[in-house]
Amino acid sequence: MSLGEFPDALKTSTIIPIPKIANTSKAEEFRPINTLPTFEKLIERAVYEQLVEYFDKNKLLFTNQSGFRKNHSCESALQLTVTKFKREIDGGRYVVAVFLDLKRAFETIDRNILLTKLRCYGIGGNVIKWFESYLTDRKQKVKYNNVLSDEVSSEFGVPQGSVLGPLLFLIYLNDIVNYCDCDFVNLFADDTLVACYDTDLDKCIQKMNKALEILEKYFNTNKLKVNVSKTKAIIFTTKYKYNQINFANII
């Protein structure tokens, strides 16, 4: 670690497919479980503790990110959202919210972009050199029915099942708030909630559409893909106002 190097022998992961449906033979019905060498996790734990301390001490992580963080949970993310929305609705405003789902987000991370972002947060010297070593030349193989495949290179994403992976993903997505031209952003790992408020529903929807256009550019730049089929838009308001909405005009 003091030399800024990560051992090549620990960079190979083994993927074990676990069936989600009994007696299936379809590849899409298996869940890939990524296993890593035990010594790799021990090294990662030491780096993780220092990296978390650095980001917490300098308050670098987005406040409304509740995934993979101490003293945060699904409950804290939900309570924050409910409280915020109730306050806006009580103030006579519509809330237009979009729940964005990213497709295989951990696996599509561009490692060069990740390293650039780490540098922007003040990480340099042998530390950034260590992360470069940690992320490059990674390999993986598949084990099925006690048979191992040949090794193949893994050029994208953070190592699945790793100690550092979730934290590195939070850092990768952390600057999304700078590109969200909306009134409220709430994150739980890769699940992203954006919302706009206004007393005029049409203006609120227009504001959201502009915000989504900006977010689309952000996702494209960062090699992240939105899972459209799992992305939902919801209008929150009072029952009386809801009955007055002409949804045909909105669509």
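Which residue in strand 9 is the bridge partner of V96? The bridge partner is I235.

## Basis of the model

This is a predicted model: local features need pLDDT of at least 70, side-chain atom pairs count only at pLDDT 80 or more, and totals for chains, interfaces and linings use all residues. Residues are numbered from 1 along each chain as its sequence is written, and side-chain values use heavy atoms, with hydrogens and water left out.

Four strands form an open sheet in the order 7-8-3-9, with antiparallel pairing. Strand 7 (184-188) and strand 9 (232-236) stand at the edges, each with a single partner strand, so one side of each has no neighbour in the sheet. From one strand to the next, the twist averages 15 degrees. Strands here are DSSP runs of E with at least two residues, and helices are runs of H or I with at least four, numbered from the N terminus. Two strands pair if DSSP finds at least two bridges between them.

Strand 3 (residues 94-100) pairs with strand 9 in the antiparallel sense over five bridges. Helix 2 (residues 74-90) lies across strand 3, strand 7, strand 8 (191-198) and strand 9. Helix 2 runs at about 165 degrees to strand 7. Axes are lines fitted to C-alpha atoms, for helices over the stretch in contact (heavy atoms within 4.5 Å). Angles run from 0 to 180 degrees between N-to-C directions.

## The largest pocket

The largest pocket has a volume of about 460 Å³. Of its 21 lining residues, I15, E107, Q140, S154 and Q160 are the closest to the centre. On a 1 Å grid over the protein atoms alone, a pocket is an open set of points where a 1.4 Å probe fits, with protein on both sides within 12 Å along at least five of seven lines; lining residues have an atom within 4 Å of a point. Volume is the space filled by probe spheres set on the points, which are joined across faces, edges and corners.

Strand 4 (138-144) gives the largest share of this lining, three residues. By class, the lining has seven nonpolar, seven polar and seven charged residues. Asp, Glu, Lys and Arg count as charged; Ala, Val, Leu, Ile, Met, Phe, Trp, Tyr, Cys and Pro as nonpolar; the others, Gly among them, as polar.

## The second largest pocket

The second largest pocket has a volume of about 390 Å³. Among its 19 lining residues, L78, T81, F99, N186 and L193 are the closest to the centre. Helix 2, strand 3, strand 7 and strand 8 each give two or more residues to this lining. Helix 2 gives the most, with eight. The lining divides into twelve nonpolar, three polar and four charged residues.
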